[in-house]
Amino acid sequence: MTDLLVTHPYLLAPVIFFARVTDVSLGTFRTLVVFRGHKFLAAIIGFFEIMIWLVAASQVLTNLNQWYLALAYAGGFGVGNYVGMWIESRFAIGNELIRCISFNRDVLAEKVREAGFNVVSIDGDMGNDKAVEVLFIIEKRRNVPMLIQLIKAVDNTAVYSVSDVKSVYDGVDLLPRRSFFGSGQMH
């Protein structure tokens with residue numbers, strides 16, 4: 001392999017590009033995993049990330065007279081950020097807090113519960129005879145798109161926001177218990 005790269009150095013550019021896409025993707029994913037509190041997984045990802053980076057960076061630094069290798073290195077960095085965020089969104093690790101205001105009191109919360117989601121609802125008002133229902137739902141990220149579709153289908157006038165939650169005390173059977181590597185009950 002090294003003989004091929006010595007006789008055809010331009011073949012090194014795609015190798016560096018894809019190595020950089022891989023290591024930056026891993027780095028982006030690792031950062032997001034750290035934010036969600038998965039220390040052990042982040043450490044494993046970091047090991048592979050830095051090994052790949054060392055190989056790619058050393059090739060560029062060894063061959064500084066070949067400008068296209070630096071271009072491949074930089075291009076791989078840009079693409080790697082995008083790929084890393086895409087990968088993390090596919091894994092959908094963690095929980096989200098959905099806060100929702102429904103203008104149809106006692107309708108939305110019941111439908112969301114019937115769909116298997118755990119909801120805390122509070123009756124409220126916006127003043128003169130404008131009753132509202134405020135919902136709080138903590139849900140696994142992978143289930144949030146389905147939940148949002150349900151909210152829109154039941155009450156298309158509802159207002160909602162979604163926020164990342166770093167940690168959740170599950171309490172007594174409030175959320176399905178699931179590790180990153182295993183699966184538990186799903187709604």
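**Sheet**

I began with the strands. Four of them form an open sheet in the order S2-S3-S1-S4, with antiparallel pairing. Two strands count as paired if DSSP finds at least two bridges between them. Helices (H or I, at least four residues) and strands (E, at least two) are DSSP runs, numbered from the N terminus. The edges are strand S2 (120–125) and strand S4 (159–165), each pairing on one side only. Axes here are lines fitted to C-alpha atoms, for helices over the stretch in contact, and angles run from 0 to 180 degrees between N-to-C directions.

Next I asked what packs on the sheet. Helix H6 (residues 144–154) does, touching strand S1 (95–102), S3 and S4. The direction of H6 makes about 5° with that of S1. Contact means heavy atoms within 4.5 Å.

**Source notes**

This is a predicted model, where local features need pLDDT of at least 70 and side-chain atom pairs count only at pLDDT 80 or more, while totals for chains, interfaces and linings use all residues. Residues are numbered from 1 along each chain as its sequence is written, and side-chain values use heavy atoms, with hydrogens and water left out.

I followed S2 into strand S3 (residues 131–140). Six bridges join the antiparallel pair. Ser 121 has Leu 135 as its bridge partner in S3, and Asp 125 has Ala 131.

**Whole chain**

I then stepped back. The protein has six helices and four strands. From the N terminus on, the elements run α-α-α-α-β-α-β-β-α-β. Of the 187 residues, 35% are buried. Buried means under 20% relative accessible area, exposed means over 50%, and partly exposed lies in between (1.4 Å probe, protein chains only). I also checked sequence separation: among contacts with a separation of 6 or more, residues 24 or more positions apart account for 70%. The protein exposes about 11,500 Å², and carbon and sulfur atoms supply 64% of that area. Accessible areas come from the Shrake-Rupley method with a 1.4 Å probe; for residues, only the protein chains shown count as cover.

**Helix H3 (39–62)**

The expected span is 1.5 Å times one less than the number of residues. Buried residues in H3 include Leu 41, Ala 42, Ile 45, Gly 46 and Glu 49. Further along, Ala 56, Ala 57 and Val 60 are buried too. The buried residues of H3 pack against H2 and H4.

Ile 45 counts as buried because its relative accessibility is 8%. Leaving aside neighbours within four places in sequence, Ile 45 is in contact with Leu 26, Phe 29 and Arg 30. Phe 29 is 16 residues away in sequence and 8.3 Å away, C-alpha to C-alpha.

**Loop residue Asn 63**

Asn 63 lies in the loop between H3 and helix H4 (67–91). Is Asn 63 buried or exposed? It counts as buried, at 18% relative accessibility. The Asn 63 side chain reaches the backbone oxygen of Gln 59 at 2.9 Å. Beyond four places in sequence, Asn 63 is in contact with Leu 12 and Leu 69.

**Helix H4**

H4 has 25 residues and reaches 36 Å from its first C-alpha to its last, close to the 36 Å expected. Its buried residues are Leu 69, Ala 72, Tyr 73, Gly 76, Gly 80, Gly 84 and Glu 88. An α-helix has 3.6 residues a turn, so residues three or four places apart point the same way. The cover over the buried residues of H4 includes helix H2 (12–35) and H3. Just after H4, Ala 92 takes a positive phi of about 50°.

**Loop residue Gly 94**

Last stop: Gly 94, in the loop between H4 and S1. Gly 94 is partly exposed, with a relative accessible area of 22%. Not counting residues up to four places away, Gly 94 touches Arg 36, Glu 139, Lys 140 and Arg 141. Gly 94 and Glu 139 are 45 residues apart in sequence and 8.6 Å apart in space, C-alpha to C-alpha.

Terms used. Polar contact = N/O pair within 3.5 Å; in protein donor to acceptor, adjacent residues only side chain to side chain.
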